[in-house]
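Please consult the sequence and the model while reading.

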Amino acid sequence: MHRRHFLQWLGATVVGLSASTSTLPSYAPTADISAPVNATPVPPPALSPPSNPTLPPVPTAVAAQAVTADSQRDKTTSAVICLPIVVAQAVTAAFQRVIVIGAGMAGLAAAQRLSQRGIKPLVLEARDRIGGRLWTSNKWPDAPMDLGASWIHGVDGNPIMTLAQTVGAKMATTYYESTIGYGSQGQVLSDAQEAQIERLDKAITQALKAAQKRDDDQSIQTVIEKALNWAKLSLEEQQLVSFILNGKFEQEYAGSIGELSAHWYDDDAAFKGDDALFLAGYGAIAGYLAQGLDIKTNSPVRQIEWKTAKDRVSVTTDSATYVAEKVLVTLPLGVLKRSAVMFKPALPAQKQKAIEALKMGVLNKCYLRFPKVFWQAKYDWMEYVAPNAGEWVEWVSFARPTGLPILLGFNAANIGQSIEALSDEKIVASAMQTLRTIFGRNTPDPIDYQITRWSSDPFAGGSYSFNPVGAVPEMRDHLAKSLDDVLYFAGEAASRQYFGTVHGAYLSGVKAADEILKTA
Ligand SMILES: Cc1cc2nc3c(=O)[nH]c(=O)nc-3n(C[C@H](O)[C@H](O)[C@H](O)COP(=O)(O)OP(=O)(O)OC[C@H]3O[C@@H](n4cnc5c(N)ncnc54)[C@H](O)[C@@H]3O)c2cc1C
């Protein structure tokens with residue numbers, strides 16, 4: 001999530017230019033999680049343990065410090081998904097008290113919490129690595145790049161910030177005020193264009209506020225097209241409106257404006273403060289939380305039987321069937337939606353409805369590494385009014401925070417999904433076409449690149465969840481609801497307040513662990 005305050009850069013002075021990097025207090029070297037985590041038990045990663053070897057307690061006041069964006073509104077919808085799944089023959093493994101499915105942020109937070117309170121869970125992870133949508137690439141040894149989440153959004157009171165300080169992660173703040181905007185022909189936006197963008201942005205905000213007061217829900221696109229009389233707008237105005245809608249809604253919530261609910265898209269909360277980037281990678285947090293845990297990687301779960309005799313849950317992977325007292329499911333919404341794991345019996349209708357109605361959005365990254373910096377390194381963000389709505393609109397420069405000639409281009413929602421289907425070469429060529437429009441024909445080719453395809457990732461099924469038309473915020477509570485004191489649920493999509501974020505996943509994992517502890 002960008003979690004940005006779009007357009008706050010207009011007319012602002014560039015900030016943060018004097019300090020090359022803002023570094024948080026350093027307590028210990030950053031954890032090295034480049035080594036894959038193998039089966040039982042996981043050796044602690046190469047991390048100097050903090051003086052207190054237990055994890056810091058989760059700040060209980062965090063929820064209170066958050067700013068609630070919107071209040072209760074009410075609507076529902078219905079649908080059921082069910083696909084046949086073939087479950088392979090598997091040997092029965094030793095009995096476990098608790099099994100956690102998924103070693104992403106939610107699963108690791110829950111497992112570590114349980115472990116510290118005396119229950120050592122078994123964590124089953126489908127991938128050959130931990131972290132899930134936290135994924136630091138070490139392809140460029142001097143520049144670890146995050147292919148999943150990058151920022152702590154709002155550092156004040158954010159529990160992820162506490163963890164970052166505990167592991168001594170080196171951080172840099174990026175500033176939205178430090179943005180330069182370019183028009184469709186590549187020219188720097190004029191004062192008149194900026195003023196026009198501000199006017200249109202105000203009209204969009206007003207139209208959505210009015211739409212939130214009406215009974216029927218509509219997509220952001222429907223609301224704005226009507227309110228701004230789309231067909232009557234000039235081509236230039238249409239491009240500017242698309243630019244605002246992409247930057248403000250699609251890049252942030254990852255859903256398309258044609259699907260995002262005008263009523264509920266922003267029914268979440270946020271921590272205050274700056275957005276901080278991990279200079280050595282977000283993976284340090286996953287590595288830290290994984291310390292001492294029993295994690296089996298390469299173990300995709302195929303079936304969960306949760307109403308067996310004696311209140312036991314049986315969990316089947318390709319190679320084994322595990323039996324446990326309690327199971328915590330942290331499967332991403334995209335995996336639940338594809339029915340990639342069979343629940344026996346099927347999940348209750350309310351939970352199935354939530355899985356069907358909530359949606360997974362797409363936000364993809366394309367890192368381009370150049371021989372040298374050719375752009376204005378003093379800006380953290382570059383924005384482009386794309387002639388093709390949403391294409392290569394948002395860019396982050398790593399020149400100031402890292403001193404390296406690296407640009408990161410984002411594509412979200414429908415355009416993110418269609419670009420993801422292209423070959424690497426075509427994606428890089430398309431990115432370069434935009435950069436050459438802005439910086440001229442002599443812009444050098446990149447020396448290397450890194451590209452993500454979260455939508456087609458079988459163990460994610462998208463980047464993060466959003467509230468589309470037809471879904472209501474209560475559905476996230478339904479997703480999080482435990483069943484019969486044996487089956488528990490966590491993950492970013494199950495966080496009503498903080499969906500789509502790392503801290504949302506973390507807090508939902510901690511909450512589920514506490515629920516398990518109450519009934520264990
Ligand atoms: C490109 C991108 C940018 C983002 N940027 C930010 C950001 O800057 N800041 C922010 O706060 N958030 C950001 N997010 C969102 C954030 O990364 C997620 O909300 C969070 O990491 C989700 O954690 P989770 O534990 O809920 O899910 P996951 O991390 O997906 O964990 C679920 C785990 O379950 C595993 N799994 C899947 N299927 C199976 C199976 N059958 N059996 C066993 N295991 C299975 C997966 O492999 C995974 O490890 C971003 C996400 C993306 C993709």
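Which helices and strands each supply at least two residues of the shell around the ligand?

## Ligand shell

The structure discussed here is a predicted model. Four elements each supply at least two residues of the shell around the ligand: helix H2 (105–116), strand S7 (151–153), strand S18 and helix H14 (502–519). The ligand is surrounded by 43 residues, the closest being Gly 102, Gly 104, Gly 132, Ala 149 and Ala 505.

By residue class, the shell around the ligand comprises 24 nonpolar, 14 polar and 5 charged residues.

## Overall composition

The chain contains 14 helices and 24 strands. Of its 520 residues, 50% are buried. Among contacts in the chain with a separation of 6 or more, 77% are between residues 24 or more positions apart.

## The six-stranded sheet

Strand S18, which supplies residues to the ligand shell, also belongs to an open sheet of 6 strands. The order in this sheet is S9-S19-S20-S21-S18-S22, and the pairing is mixed. Its edges are formed by strand S9 (179–182) and strand S22 (448–451), each of which pairs on one side only. On average, neighbouring strands of the sheet are turned by 20 degrees against each other, direction ignored.

Strands of a sheet pair through backbone hydrogen bonds, in either a parallel or an antiparallel arrangement. For strand S18 (residues 363–369) and S22, the sense is antiparallel, and the pairing extends over 4 bridges. Arg 369 stands opposite Asp 448 in S22.

## Helices packed on the sheet

Helix H6 (residues 235–253) packs on the sheet and touches S18, strand S19 (381–384), strand S20 (394–397) and strand S21 (406–412). The direction of H6 makes about 85 degrees with that of S21.

Helix H11 (residues 413–420) likewise packs on the sheet, where it touches S18 and S21. The direction of H11 makes about 110 degrees with that of S21. Strand S18 is thus touched by H6 and by H11, and it also pairs with the edge strand S22.

## Phe 271 in its loop

Phe 271 lies in the loop between strand S10 (269–270) and strand S11 (275–278). Is Phe 271 buried or exposed? Phe 271 counts as buried because it has 23 C-beta neighbours inside 10 Å, and the cut-off for a buried residue is 20 or more.

Phe 271 and Pro 159 are 112 residues apart along the chain, while their C-alpha atoms are separated by 9.9 Å.

Notes. Residues numbered from 1 in each chain as written. Predicted model: local features only at pLDDT ≥ 70, side-chain atom pairs only at ≥ 80, totals over all residues. Pairing = 2+ DSSP bridges. Axes fitted to C-alpha atoms, helices over the stretch in contact; angles between N-to-C directions. Contact = placed C-beta atoms within 7 Å. Buried ≥ 20, exposed ≤ 12 C-beta atoms within 10 Å, placed from the backbone. Near = placed C-beta within 6 Å. Nonpolar A, V, L, I, M, F, W, Y, C, P; charged D, E, K, R; others polar.
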